[in-house]
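Please walk me through this structure, one contact at a time. I am new to it.

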Amino acid sequence: MEPSAEAKYAAFKEKVKRTVYLENLNPQLTDAVIRTALNQFGNVVNIQFVPNFGLENIRYAALVEMGDAKQANQIITEIANNPFMISGKPRPVRAFAAEIEMFPFHPRKPGGKVPWVWLDKKDPDFEVAQKIKDTVLKHASEASSLFQQQLLEEEKTHKRQAETLKANYKKKLLRHKYVILDKGAVKLAEHSVK
């Protein structure tokens with residue numbers, strides 16, 4: 001026997017309670033990387049990337065279902081209090097408690113109905129709907145442009161950080177070579193005594 005609509009909706013609400021919404025993710029992340037990063041907080045049950053309808057093929061957010069609500073709350077608290085970067089990229093991840101509306105597909109609330117009406121072109125609300133549609137398309141185009149700019153800035157930051165790391169590593173190698181291998185500290189000490 002199939003569960004009732006009420007039982008399906010109650011099970012879905014429990015799933016929402018133990019799900020975390022992660023945003024500002026690196027577009028190249030995979031579910032395996034996210035799973036590895038979050039397994040330190042508990043058992044990751046499922047990862048679902050949220051479709052980004054304005055920017056095709058760019059992953060920005062994910063819904064991560066944990067083993068229980070306590071683990072989900074722990075992730076939200078930790079990420080809110082400490083910088084949490086996944087995959088070492090300079091993009092701090094943000095975490096929030098998931099809400100029912102964040103899931104692209106979810107069961108209908110029992111007893112709820114979705115009202116809808118076809119609009120005729122002569123209807124005064126048709127112009128309003130058309131303006132909303134045009135505005136949404138314009139915003140999607142602007143968001144895409146801004147997101148591409150953000151990716152370029154992050155790439156520049158990543159390159160700068162890599163160059164700084166290499167320079168610091170070279171300095172450490174030179175210091176190690178001079179002080180330890182060439183006994184430069186001993187020579188300096190002998191020179192200062194004379």
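**Salt bridges, rings and cores**

E153 and K156 sit three residues apart in helix α4, about one turn of the helix. Helices here are DSSP runs of H or I with at least four residues, strands are runs of E with at least two, and both are numbered from the N terminus. The side chains of E153 and K156 meet in a salt bridge, 3.9 Å from N to O. A salt bridge means a side-chain nitrogen of Lys or Arg within 4 Å of a carboxyl oxygen of Asp or Glu. E153 is partly exposed, because its relative accessibility is 39%. K156 is partly exposed too, with a relative accessible area of 48%. The cut-offs are simple: buried is under 20% relative accessible area, exposed is over 50%, and partly exposed is in between, using a 1.4 Å probe and protein chains only.

The model is predicted: local features need pLDDT of at least 70, side-chain atom pairs count only at pLDDT 80 or more, and totals for chains, interfaces and linings use all residues. Residues are numbered from 1 along each chain as its sequence is written, and side-chain values use heavy atoms, with hydrogens and water left out.

How many salt bridges does the rule give? The count comes to four. One of them joins E14 and K17, whose closest N and O atoms are 3.4 Å apart. E14 and K17 are separated by about one helical turn, because they are three residues apart in helix α1 (residues 5–17). E14 is partly exposed, at 41% relative accessibility. K17 is exposed, at 52%.

Another salt bridge links E23 and R94, at 3.0 Å from N to O. E23 lies in strand β1 (residues 19–23) and R94 in strand β4, so this pair ties together parts that are 71 residues apart in sequence. Is E23 buried or exposed? E23 is buried, because its relative accessibility is 14%. R94 is partly exposed, at 37%.

Now turn to the rings. A pair of aromatic rings is described by the distance of the centres and the angle of the planes. Rings of Phe, Tyr and Trp (its six-membered ring) pair if their centres lie within 6.5 Å; planes under 30 degrees apart are stacked, over 60 edge-to-face, and the rest tilted. The count comes to one aromatic pair. F12 and F103 form this edge-to-face pair, with 5.1 Å centre to centre and 75 degrees between the planes. F12 lies in helix α1 and F103 in the loop between β4 and α4, so the pair ties together parts that are 91 residues apart in sequence. F12 is buried, at 8% relative accessibility. F103 is buried as well, at 4%.

Next comes the nonpolar interior. A nonpolar core is a set of buried Ala, Val, Leu, Ile, Met, Phe, Trp, Tyr and Cys residues joined through side-chain atoms within 4.5 Å. The largest core has 21 residues, and L22, L25, I34, L38 and V64 touch the most other members. At least two residues each come from β1, α2 (31–38), β2 (44–49), β3 (61–66) and α3 (69–81). The largest share, four residues, comes from α3. Another core lies apart from this one and has eight residues, among them F12, V50, L63 and A98.

One last stop is E99. E99 is in the loop between β4 (94–97) and α4 (124–181). E99 is partly exposed, because its relative accessibility is 45%. The C-alpha atoms of E99 and L63 are 10.0 Å apart, while the two residues are 36 apart along the chain.
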